[in-house]
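My notes follow in the order I looked things up.

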Amino acid sequence: MASRFLIRSSPRSLISASRNFSSSPPNLDNDSQVPAAVDYSSLLQEDEYHRVANSTIHDLQEKFEDYGDAVQIDGFDVDYGNEVLTLKMGALGTYVLNKQTPNRQIWLSSPVSGPSRFDWDQNAQAWVYRRTKANLLELLEEEFEQLCGEPIDLSSNG
């Protein structure tokens, strides 16, 4: 036996349930929430981008492997393939870093801070997330120490 339901609503309930949409930006308390403008003249040429990005990712791979030897974390594994660096930290989560050539960026997926897109800053000689001004290496150092309780030095060349 099929049941039928009839829902009745008054025109007033429809009016009061309407939403107000606005195309104006949200009211931000400080400028740090607003991404810095892209200076396209400072974008790296593609060959230079690949050189800098590959160097960064390969250096991180080596340092992650050394760090894995120093900390005792079940499921710790570093993998690099198809230009994607994956760091599994067992129950602590997984980091993924990969190049985004069209944008000249390195993208990070972090179990702590979520997704971020880093641009090369010529002046700082570092990968910087324009939205928060975070430095990629410093962010990773902070998060690894927070997760694992052991410091890691990603900034030095040694």
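Entry 1. The model is predicted. I began with Asp119, which is buried at a relative accessible area of 13%; it counts as buried because the cut-off is under 20%. I then looked for its partner and found that the side chain of Asp119 meets that of Arg130 in a salt bridge, with 3.2 Å from N to O. This pair links distant parts of the chain: Asp119 sits in strand E5 (residues 114-121), and Arg130 in the loop between strand E6 (126-129) and strand E7 (134-135), 11 residues apart. Arg130 is partly exposed, with a relative accessible area of 27%.

Entry 2. I asked how many salt bridges the structure holds. The count is 3.

Entry 3. I went to Glu83 and Lys99, which form another salt bridge, their closest N and O atoms being 3.5 Å apart. Glu83 is in the loop between strand E1 (76-81) and E2, while Lys99 is in strand E3, so the pair ties together parts 16 residues apart in sequence.

Entry 4. I looked up Glu48 and Arg51, whose side chains meet in a salt bridge at 2.7 Å, N to O. How far apart are the two in helix H2? They are 3 residues apart, which means a separation of about one helical turn. Glu48 is partly exposed, with a relative accessible area of 30%.

Entry 5. I stayed with acidic residues and noted a surface patch of negative charge where Asp59, Glu62, Glu65, Asp66 and Asp69 gather. One of these, Glu62, lies in helix H2, which covers residues 46-70.

Entry 6. I finished with Leu92, in the loop between strand E2 (84-89) and strand E3 (94-100). Is Leu92 buried or partly exposed? I found it partly exposed, at a relative accessible area of 31%. I then listed its contacts, leaving aside neighbours within four places in sequence: Leu92 touches Ile73, Pro111, Leu147 and Cys148.

Methods
Residues are numbered from 1 along each chain as its sequence is written. This is a predicted model: local features need pLDDT of at least 70, side-chain atom pairs count only at pLDDT 80 or more; totals for chains, interfaces and linings use all residues. Side-chain values use heavy atoms; hydrogens and water are left out. Helices (H or I, at least four residues) and strands (E, at least two) are DSSP runs, numbered from the N terminus. Buried means under 20% relative accessible area, exposed over 50%, partly exposed in between (1.4 Å probe, protein chains only). Contact means heavy atoms within 4.5 Å. Patches are made of residues with over 30% relative accessible area and no salt bridge: like charges are joined within 9 Å, nonpolar side chains (Val, Leu, Ile, Met, Phe, Trp, Tyr) within 5 Å. Accessible areas come from the Shrake-Rupley method with a 1.4 Å probe; for residues, only the protein chains shown count as cover. A salt bridge is a side-chain nitrogen of Lys or Arg within 4 Å of a carboxyl oxygen of Asp or Glu. Lys and Arg count as positive and Asp and Glu as negative; His and the chain ends are not counted. The place of a charge is taken as NZ of Lys, CZ of Arg, CG of Asp or CD of Glu.
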